[in-house]
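User: I would like to learn how to read a ligand site in a model. Can you take me through one, feature by feature?

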Amino acid sequence: NSAHHVTGTGRGVHGDTKTFEVSSYQGQYVLWDQTRGGGIQTYTANNGSSIPGYLVASRTTTFNDPAAVDAHYYAAKVYDYYKNVHNRNSYDGRGTSLVSTVHYGRNYMNAFWNGRQMVYGDGGSQNGYTPFSAGLDVIAHEMTHGVTSSSDASQLIYRNQSGALNEAISDIIASDVDSNDWLMGEDINYVIRDLANPTRYNQPDHMSKYVNTTQDNGGVHINSGIINKAAYLMADGGSHYNVTVQGIGRAKMAKIFHKANLDYLYSNSDFSAARSACIQAATALYGAGSQEVQTVTNAFAAVGIH
Ligand SMILES: O=C(NO)[C@]12CC[C@H](CC1)C2
Ligand SMILES: [Zn+2]
């Protein structure tokens, strides 16, 4: 009813004024968008570590918590991306409410999906104390972890090659949502990955450079560079290790990876399985002899996956 379609406003972390859907609740206004799926709710942990914490409230429709404003606004943006581009209702396809918590911990330089919701720290000295919800690519990355973990096909166990795939898919979809660059973290003053040039941030860009390590769950944030590079080549094309790839554009690339994630990947899929999953997805979407299938095949070959 009318109390549920209230327009809220507030400035984000970078000082930009945004408007978003809120609700009136117990005589206040709260960051609860009841217009999308089962709802989008944004909470604050008040720098504690118990989540979800407290629904962000204001006495007026103006909200003065920039980290919360960005988390709420970008969650709606990513909801709309999945609905409009992939016809998926929320992270699980069943309209389950999208919950975010900001101000998690103290000087917390990270963000994560905890299996049920998104959680964001306030950043620290390494990124000018920029809250992690200030980046659309970060929110898209985290929500995509939710998509992967709720996909009865993949789930992609978070270690070694399946974990690196999990990470890569989150970066790849994030690059389609935040589509004017190939960087991860540029809006939180913390560029940590470049899908076009993974080696710029010490990630491998070919199987010959795969890093066998016990760190980082078997290098899930390191070896994801190999799959990220393949995705970049699929989208923009190019020659890599003497293999030339004809680009098909970012949108088609993202459709292929999303369909692979939902329909053809499984919990312990490795990089070779990712190649066949993407070939199967491209075949289903664009046909067996299509340019798209050829591009997928060549892009994986270019990073040493056959
Ligand atoms: O890769 C990640 N999580 O698995 C990141 C690192 C920086 C952004 C926030 C969290 C993405
Ligand atoms: Zn991640």
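Analyst: Start with a polar contact, a pair of N or O atoms within 3.5 Å. Here an N or O atom in the side chain of tyrosine 158 is 3.5 Å from an oxygen atom of ligand 1. This is a predicted model, where local features need pLDDT of at least 70, side-chain atom pairs count only at pLDDT 80 or more, and totals for chains, interfaces and linings use all residues. Side-chain values use heavy atoms, without hydrogens and water; residues are numbered from 1 along each chain as its sequence is written, while chains are lettered from A and ligands numbered from 1 in the order written.

User: How far from an oxygen atom of ligand 1 is a polar side-chain atom of arginine 193?

Analyst: For arginine 193 the distance is 2.7 Å. Glutamate 167 also places a polar side-chain atom 2.9 Å from a ligand 1 oxygen.

User: How much of ligand 1 does the protein bury?

Analyst: Accessible area comes from the Shrake-Rupley method with a 1.4 Å probe. Ligand 1 alone exposes 300 Å², and the protein buries 93% of that.

User: Which residues surround ligand 1?

Analyst: A residue counts as near if one of its heavy atoms lies within 4 Å. Around ligand 1 these include Asn110, Phe132, His141, Glu142, His145 and His221. By class, the shell has 5 nonpolar, 4 polar and 3 charged residues. Nonpolar means Ala, Val, Leu, Ile, Met, Phe, Trp, Tyr, Cys and Pro; charged means Asp, Glu, Lys and Arg; the others, Gly among them, are polar.

User: Which helix gives the largest share of that shell?

Analyst: Helices (H or I, at least four residues) and strands (E, at least two) are DSSP runs, numbered from the N terminus. Helix H2, residues 136–150, gives the largest share, with 4 residues.

User: What about the backbone? Where is the cis peptide bond?

Analyst: Check omega. The cis bond joins isoleucine 51 and proline 52, with omega about 5°. Proline 52 lies in the loop between strands E5 (40–44) and E6 (54–55). Asparagine 46 is found in the E5–E6 loop too; its phi is near 50°, a positive value in a residue other than glycine.

User: How confident is the predictor?

Analyst: pLDDT is its confidence in each residue, from 0 to 100. The chain averages 97, and 99% of the residues score at least 70. Where pLDDT is low, predicted coordinates should not be read in detail.

Definitions and conventions: Polar contact = N/O pair within 3.5 Å; in protein donor to acceptor, adjacent residues only side chain to side chain. pLDDT = per-residue confidence, 0-100.
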